[in-house]
Amino acid sequence: MFRSAGAIALLGFAGAVLARADPAPAAPPRTPAEINAIVNAPLPDDEAAMKAHVMFLASDAMRGREAGSPEYDIAAQYVAAQFYAAGLKPAGDDGGYLQRVPLLTYRAADKGDLVLTGRGAAPLRLVFGEDYVPGANPADAVMAIDAPVVFVGYGIVAPDYGRNDYAGVDVKGKIVAYLAGAPDSYQSEERAHFAGGTTKAMLAQSRGAVGAILIQPRSLARAAEGWDRARVTWARPDGTGDAPGAPQLATLSDAGAAKLFAGARTSWASIAKKTGDSEAVFAAEQLPGSLAVSLKTAFQPGASSNVAGIIPGSDPKAGDEVVILSAHLDHLGVRPELQGDTIFNGAEDNAVGIASLIEEAKRFKASGKAPRRSVMFLAVTAEEKGLIGSSYFAAHPTVPLERIVADVNLDMPVLNYKFEDMTVFGADRSSLGPIVSKAVGALGVAMSPDPMPREAFFVRSDHYNFVRRGIPSVFLWPGQAGPGKAAFADFYENRYHKPSDDMTQAIDWSQGIRFVGVNYAIAREIADGEARPRWNKGDFFGTLYNGYGAK
């Protein structure tokens, strides 16, 4: 569940630690008898059906459902069988429910070589771990670039905010160097978009840059320890990886930046004084000399699957349009280096979301009434590795992209309390907002605003890959009214991305059925509505071209 605002754009970094305001104290460990009472408690049939899905998917036998593992493949086959039982038509590859996703794990194969030249003195070789750590390029196993470097501040072009960090410089055929982050004054979700590495890399590439350097004015000690860490993307037919934007060649420290700026019109010392101010604006300038960069990247191919089933629409015209209901099936696998429990079962994150998807599909079948628009149920892989499965589907949809009219995403609905409201991230950006409000209101559930806007959740789960393709999307959570705030805080503090997110927690399955009911009402309202969902006029994300920063 969740990528950080920066990692969602980089499509490969590990998930961020979420805010934990006013965390509830951890409960004392449960005894085996208490655990058995929780797991084996009798339930009504509908609750038992939902629980049964989670019992299987979050069992130790599934070993955390890591994308690319045999256990994930078993989980995908289970979901495919459940889609069949729910009456869904196959919507994957070759007439089946599975869409193969070619994964590519890549990492820096050596520490690289960065040499400053052309400054009227002897070449200066930067020092690994002190001045820089190397990047890794999924698009090229061996990379050599020798080009001038242009400093472009935060590397942002945001006409709505009156900002162009590239003003006055030509970066064609050159390397750009920019600072991490974006102004705090920007709307939080838009700030997360501009701060993201992919947005900056795509912007640099669109202006002709051949590479990018990220400057983080602090010690690189921790980054140097993990310089060759594995990252994941999806593979192209030629075996190279999806790599939108100019490749990130390296990350420079304060010491490395000082060497890069030596002899420049603007000193690094004067820039460094302002790097703590996210609102600072820096004049772009070409730096003296050139930077020669040599990098090697190692590849390891893999494979996983998305699972897709569809209910064909009944309307002669609108039936060709497709509403997607999505949830990620994978979790974090096994971490043998841990003491004690090493399996990240991922019960709430996101076996509960998948179970909700399955039970929602069954409600469409039980209704006896086909929706006007087609409804696709999509379980995606490798969310925990950087939203890779949904990125692959958005780039290789199994139905024409122009026919996809909306995505409703379910990711880690915490069901450990009786929820009184729903939080719908992105509701204020498109006509999906009023549709969702009408659907949940009819069931007596209020729709509450984002309780943590600084976290920018709208850009941090699988639905964002549909947003990046221009498709109106929302992301649903039980809200934080009443007992919700303490329950969420307790989950994040004690179970989020930990082995304790398993079946020993007291999930309230009656709330699971309520959550399914709300989601079914939302999906039915979208699928049966007269008008195709639209972005609100002038909405920031609604005006993006494929979401990569071009306005």
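In this report, buried denotes under 20% relative accessible area, exposed over 50%, and partly exposed the range in between (1.4 Å probe, protein chains only). The model is predicted, so local features need pLDDT of at least 70 and side-chain atom pairs count only at pLDDT 80 or more, while totals for chains, interfaces and linings use all residues. Residues are numbered from 1 along each chain as its sequence is written, and side-chain values use heavy atoms, with hydrogens and water left out.

**Strand β10**

Strands (E, at least two residues) and helices (H or I, at least four) are DSSP runs numbered from the N terminus. Strand β10 (residues 175-179) is largely enclosed by the rest of the structure, because five of its five residues are buried. Ile175, Ala177 and Leu179 point one way from β10, and Val176 and Tyr178 the other way. Strands pair if DSSP finds at least two bridges between them. β10 pairs in the parallel sense with β7 (residues 149-151) over three bridges and with β11 (residues 211-215) over five bridges. Val176 is the bridge partner of Val150 and of Ala212 in β11.

**Salt bridges**

A salt bridge is a side-chain nitrogen of Lys or Arg within 4 Å of a carboxyl oxygen of Asp or Glu. The count comes to 16 salt bridges, including those tabulated here.

| Pair | N to O distance |
|---|---|
| Asp131 and Lys259 | 2.7 Å |
| Arg163 and Asp165 | 2.9 Å |
| Asp184 and Arg454 | 3.8 Å |

Asp184 lies in the loop between β10 and α5 (188-195) and Arg454 in the loop between β22 (446-448) and α13 (463-467), so the pair ties together parts 270 residues apart in sequence. Asp184 is partly exposed, at 39% relative accessible area, whereas Arg454 is exposed, at 56%. Both Arg163 and Asp165 are buried.
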